Amino acid sequence: MAGLATELYNDFISQDMQDTWKLCGFWIFLCWITSVLSNNYSQVDKLWSITPWGYVWLYVLKSEGDKRLLWMGFVSTLWGIRLT
């Protein structure tokens, strides 16, 4: 049981997961500061179509040239552009 707990713990604190949480915190902070400055609290709706790009490209850059991830980055970017 201790081996499984250690493995799960290591998965959750991996560098990729930490970077994902940092990016999530950045989006949260960006929405909050923009809503405070503009007195418009629907900033999440504006970022909804572009935030997936950030997550996908984070993993594309970490993949060291994985062609599938690169393709997913381009497709998700095109889809996000279409939504905005």
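**View 1. F74 lies in helix α5, which spans residues 67–83.** This and the other views show a predicted model. F74 has a relative accessibility of 45% and therefore counts as partly exposed.

**View 2. Helix α2 runs from residue 15 to residue 38.** The helix contains 24 residues. From the first C-alpha to the last, α2 reaches 34 Å, which is close to the 34 Å expected at 1.5 Å a residue. After the helix comes N39, a residue with a positive phi near 55°.

View 3. On α2, the buried residues are D19, T20, L23, W27, C31 and S35.

**View 4. D19 is a residue of helix α2 and is in contact with L58 and K62.** These contacts leave aside the neighbours of D19 within four places in sequence. The relative accessibility of D19 is 16%, so D19 counts as buried, the limit being under 20%.

**View 5. D19 and K62 form a salt bridge through their side chains.** Side chains of opposite charge can pair when their charged atoms come close. Here the distance from N to O is 2.5 Å. The pair links distant parts of the chain, with D19 in helix α2 and K62 in helix α4, 43 residues apart. The two partners can also be described by their accessibility. D19 is buried, at a relative accessible area of 16%, while K62 counts as partly exposed because its relative accessibility is 31%. The structure holds 1 salt bridge.

**View 6. T51 belongs to helix α4 and is shown with T77.** T51 has a relative accessible area of 16% and is therefore buried. In sequence, T51 and T77 are 26 residues apart. In space, the distance between them is 9.9 Å, taken from C-alpha to C-alpha.

Technical notes: Residues are numbered from 1 along each chain as its sequence is written. This is a predicted model: local features need pLDDT of at least 70, side-chain atom pairs count only at pLDDT 80 or more; totals for chains, interfaces and linings use all residues. Side-chain values use heavy atoms; hydrogens and water are left out. Helices (H or I, at least four residues) and strands (E, at least two) are DSSP runs, numbered from the N terminus. Buried means under 20% relative accessible area, exposed over 50%, partly exposed in between (1.4 Å probe, protein chains only). The expected span of a helix is 1.5 Å times one less than its number of residues. Contact means heavy atoms within 4.5 Å. A salt bridge is a side-chain nitrogen of Lys or Arg within 4 Å of a carboxyl oxygen of Asp or Glu.
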